[in-house]
Amino acid sequence: MTLVDAPSSPHPEWASEDVPTVLGRLHSRIGGLTGPEVEAARDRVGPNVIRSHRANAAAVLLRQFRNAVLLLLLGTAALAGALGDVTDAVIIGVILLASVLLGFVNEYAAERATARLTDALTQSAVVVRDGSTESLAVRELVPGDIVRLSMGCRVPADLRIIESSELSCDESVLSGEALPSAKSPAPVLGAATIADQSSMAFMGTIVRGGTGSGVVVATGTATEIGRIAAGLDRRDPETAFQLGLRRFSFLLVSVAAALVAVVLITGVLLERPLIQSVLFALAIAVGVTPQLLPAVVNSSLAAGARRLAKRQVLVKRLVCIEDIGNISVLVTDKTGTLTEGTMTFEHGLDGTGAPAPGLAFLAACAVEGGGAGTGTTDALDGALVAAAGPGVPAALATIPFDHERRISSALVDVDGARLLVAKGAPESILARCAPSAAAAAIADSELRKGGRVIAVATRPLPGATTIGPADESALELRGFLTFSDPPKPEARESLATLEGLGIRLMIATGDHPAVAAEVAGTLGMEVGAPLSGDDIDALDDADLTVALSTTAIVARVSPEQKARVVQLLRRGGATVGFLGDGVNDSLALHAADVGISVDTATDVAKDAADVILLEKSLDVIAVGVAEGRRIFSNTLKYVFMAASGNFGNMISAAAASAFLPFLPMLPGQILLGNLLYDGSQLAISSDRVDASAVRTPSRWDIASIGRFMLVFGPLSSVFDLLTFALLLGGFHTDPTQFRTGWFIESLASQALVVLVIRTRRVPFVRSRPSAPLLASLAAVVAIAIALPFTPLGPLLGLQPPAVLLLVALAGVVIAYLVIADVAKALFFRAEARRAAPPTHPRIRHLRRAISGYGG
């Protein structure tokens with residue numbers, strides 16, 4: 001089921017009844033519910049959530065057995081037990097249990113991290129209770145609550161509208177209708193579809209304009225969107241990171257299948273017992289596959305999420321962390337990121353350039369929300385109201401600001417005259433006034449100083465009680481108001497940090513191009529030729545793509561133009577992050593590879609974002625980018641090392657089985673070695689990352705991983721064959737001694753080569769591993785050497801080796817590490833000459849409207 005497949009409403013009766021009847025049925029009133037009434041309603045209906053994000057230990061445990069590798073282990077153990085090989089069955093069973101527990105512990109920790117992030121991202125709503133207005137978490141709402149609505153907020157429950165002032169909602173998430181739907185308290189008779197119910201506002205829809213209030217009639221799963229959510233697939237779509245993991249897994253499955261076929265055919269040709277060949281083949285299939293890859297990835301992501309949370313960055317899904325690291329172009333507004341975001345009124349000028357001391361008082365009449373501007377969250381309006389002082393008359397009617405007109409207007413009584421007062425962008429106001437070259441020059445001069453400038457104009461409307469956009473014509477210019485918003489002291493350093501990460505910054509602003517250029521120039525940015533919204537509309541996609549490559553500023557842009565800019569940047573090969581916090585940013589946030597918002601943003605912006613910042617700062621974004629790249633780099637380390645090491649060992653095992661009269665390693669030994677190695681790699685998330693790996697984004701390149709396997713797998717096998725020659729020709733070992741020697745050598749070489757491959761630099765000299773990783777690798781080597789000397793040795797088919805043999809094996813391992821370091825340098829030098837792989841497009845999150853209502 002899709003959202004637009006369900007246009008009918010589950011409770012149309014609320015739409016058809018008048019407001020007093022609805023309030024009576026809900027035992028509510030205009031002043032809201034009382035405390036006891038709220039508690040009683042909550043006991044009856046529960047929290048206002050659609051889906052739970054709680055960590056479920058049982059579900060995580062069951063999910064471990066969906067892993068094909070673990071199922072293969074289970075089948076191998078069952079087969080060994082059924083055929084009387086109890087020792088191997090027990091050994092494999094213990095290995096299976098250890099794998100499940102390791103995976104469970106790390107994935108459950110990741111689930112809990114996700115739950116904590118969800119808790120931190122709870123949304124709020126403005127609610128009237130006991131006659132008082134307060135902000136409450138959306139999950140606390142109950143039927144009968146009175147909720148205030150304003151532009152940019154997401155409707156927190158299904159509401160029956162009880163008052164409205166130009167209120168309209170975007171209901172496309174439910175109805176598929178692109179245009180906003182006007183809302184009013186008037187009952188609607190016979191309305192069967194959502195689009196017809198103008199007296200209802202539905203959970204998950206967005207307030208696109210005006211203000212209003214409504215009474216909650218349904219919450220949680222009883223809402224329209226809750227009913228639809230019950231029929232939706234809960235799985236999120238794949239990101240590029242997840243897609244890369246899946247492709248890598250498919251590569252390993254293909255390799256494993258080929259090796260299994262070779263081993264089985266070899267066993268048949270050599271007339272070996274079928275059960276022995278099957279168990280050995282299954283062990284090789286498991287051995288070539290890093291079964292703890294999900295645990296390693298989740299461990300890295302969970303650790304990264306905790307580190308980011310400490311730095312004021314919250315991600316909606318753990319896999320988003322890696323996506324942040326891929327950002328190569330960051331598009332952002334300048335207010336609050338490059339500038340302080342605090343407006344200070346500087347001065348007012350009339351149309352001739354003379355001081356206009358009363359202009360701020362007049363302009364304050366057109367502040368949205370009433371003449372006094374009570375409760376305004378717009379920094380410029382707040383500064384304007386403060387400059388105006390007390391006594392600003394209340395508006396009789398208003399026309400809200402929108403990004404097409406770029407004007408807000410109010411009808412007020414000033415000094416006994418009824419006036420339409422309009423304030424807005426200078427070019428928009430001047431276009432509605434008599435032409436004046438002098439006034440245009442004054443506006444241009446003020447804008448080029450880098451301050452925010454608004455124009456103010458009036459028109460007498462005697463006897464008018466309402467106004468509309470058509471009344472915003474034949475205006476009389478009253479002058480210009482200038483506000484300052486200074487650059488942040490740390491902005492220049494923040495820009496240098498982003499440049500060091502290979503990120504190009506682009507400013508997308510509603511301000512005039514001259515204002516943005518002045519601020520950017522002050523901070524040392526190379527801005528090129530700024531593009532205005534009109535410039536963007538005049539260019540086709542090809543020409544605009546070229547123009548975007550030479551500018552750092554797009555100004556006076558509409559929401560649609562911002563989204564088009566983002567789409568063309570992505571089409572040009574960039575991975576685009578977009579930072580926005582307003583209603584007008586939602587389209588661009590959706591269009592970007594990574595949508596970024598702040599916790600103080602409008603609901604619609606937070607819904608569209610993948611990442612929420614608790615502090616609007618470029619430094620915080622830089623931290624997120626660096627962390628994403630560290631996590632991806634460490635994940636790739638594991639992938640490269642596990643793929644090549646496992647592949648090499650299994651090639652050696654398959655090859656040895658063809659010429660040896662006995663199995664080179666028992667199935668249980670193969671599986672135990674694989675488990676010990678993979679367990680040590682859980683510490684990879686703590687590893688240090690070379691600075692070069694953080695400077696630029698890294699992406700999945702399955703072809704490169706395949707080439708790495710084909711180089712380092714056989715290289716590992718060469719030294720395995722040298723070990724075979726040493727064991728058979730030099731020490732004349734029997735099968736048990738042979739297996740013991742190779743078990744120690746293969747595990748030691750596979751563990752220690754991690755120290756070589758984890759960096760492209762000289763190990764230890766120019767790049768040191770983290771202490772936890774070094775300790776885990778040393779522990780694996782110590783366990784491999786110690787096991788034959790313990791009581792477990794005979795059970796595992798191992799026996800204590802001679803000291804001289806251990807010394808010889810150490811020599812083989814050291815030689816392997818030296819040659820591997822040389823091969824590594826040659827391999828990555830050759831890879832650097834290859835063309836960089838194309839950016840894989842990010843698959844966007846399709847269920848934001850539902851995911852916001854978790855509990």
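**Exercise 1. Which Phe residues form one aromatic cluster?**

Let's start by finding the rings in this predicted model.

Step 1. The cluster is made up of Phe640, Phe708, Phe712, Phe827 and Phe828.

Step 2. Take Phe708 and Phe827: their ring centres lie 5.3 Å apart and their planes meet at 85°, so this pair is edge-to-face. Planes over 60 degrees apart fall in that class. Phe708 belongs to helix α27 (residues 702–730) and Phe827 to helix α32 (residues 803–833), so 119 residues separate two partners from distant parts of the chain.

Step 3. Now try Phe708 with Phe828. Here the centres are 6.1 Å apart and the planes are at 40°, so the pair counts as tilted. This pair, too, links helix α27 with helix α32, with its partners 120 residues apart.

**Exercise 2. Work out which strands stand at the edges of the open sheet of 8 strands.**

Step 1. Write down the strand order: β8-β21-β20-β19-β9-β16-β18-β17, with mixed pairing.

Step 2. Look at the two ends of that order. β8 (313–315) and β17 (531–532) are the edge strands; each has a single partner, so one side of each has no neighbour in the sheet.

Step 3. Zoom in on one pairing. Strand β20 (residues 594–598) runs parallel to strand β21 (residues 611–613), and 3 bridges join them. In one of these strands, β21, Leu613 is the bridge partner of Val598.

**Exercise 3. Describe the largest cavity and its lining.**

Step 1. Begin with the count: there are 5 cavities of 30 Å³ or more. The largest has a volume of about 140 Å³.

Step 2. Find its centre. The lining has 15 residues, and Asn649, Met650, Ile670, Ser746 and Gln750 are the closest to the centre.

Step 3. Trace the helices. At least two lining residues come from each of α24 (618–659), α25 (667–680) and α28 (735–752); α28 gives the largest share, with 5 residues.

Step 4. Sort the lining by type: 7 residues are nonpolar, 8 are polar and none is charged.

**Exercise 4. Compare the reach of helix α21 with the expected span.**

Step 1. Helix α21 (residues 559–571) has 13 residues and reaches 18 Å from first C-alpha to last, close to the expected 18 Å.

Step 2. Look for buried residues in α21: among them are Pro559, Arg564 and Leu569.

Key:
Residues are numbered from 1 along each chain as its sequence is written. This is a predicted model: local features need pLDDT of at least 70, side-chain atom pairs count only at pLDDT 80 or more; totals for chains, interfaces and linings use all residues. Side-chain values use heavy atoms; hydrogens and water are left out. Helices (H or I, at least four residues) and strands (E, at least two) are DSSP runs, numbered from the N terminus. The expected span of a helix is 1.5 Å times one less than its number of residues. Buried means under 20% relative accessible area, exposed over 50%, partly exposed in between (1.4 Å probe, protein chains only). Two strands pair if DSSP finds at least two bridges between them. On a 1 Å grid over the protein atoms alone, a cavity is a set of points where a 1.4 Å probe fits but cannot get out, and a pocket is an open set with protein on both sides within 12 Å along at least five of seven lines; lining residues have an atom within 4 Å of a point. Grid points are joined across faces, edges and corners, and a volume is the space filled by probe spheres set on the points. Ala, Val, Leu, Ile, Met, Phe, Trp, Tyr, Cys and Pro count as nonpolar, Asp, Glu, Lys and Arg as charged, and the others, Gly among them, as polar. Rings of Phe, Tyr and Trp (its six-membered ring) pair if their centres lie within 6.5 Å; planes under 30 degrees apart count as stacked, over 60 as edge-to-face and the rest as tilted.
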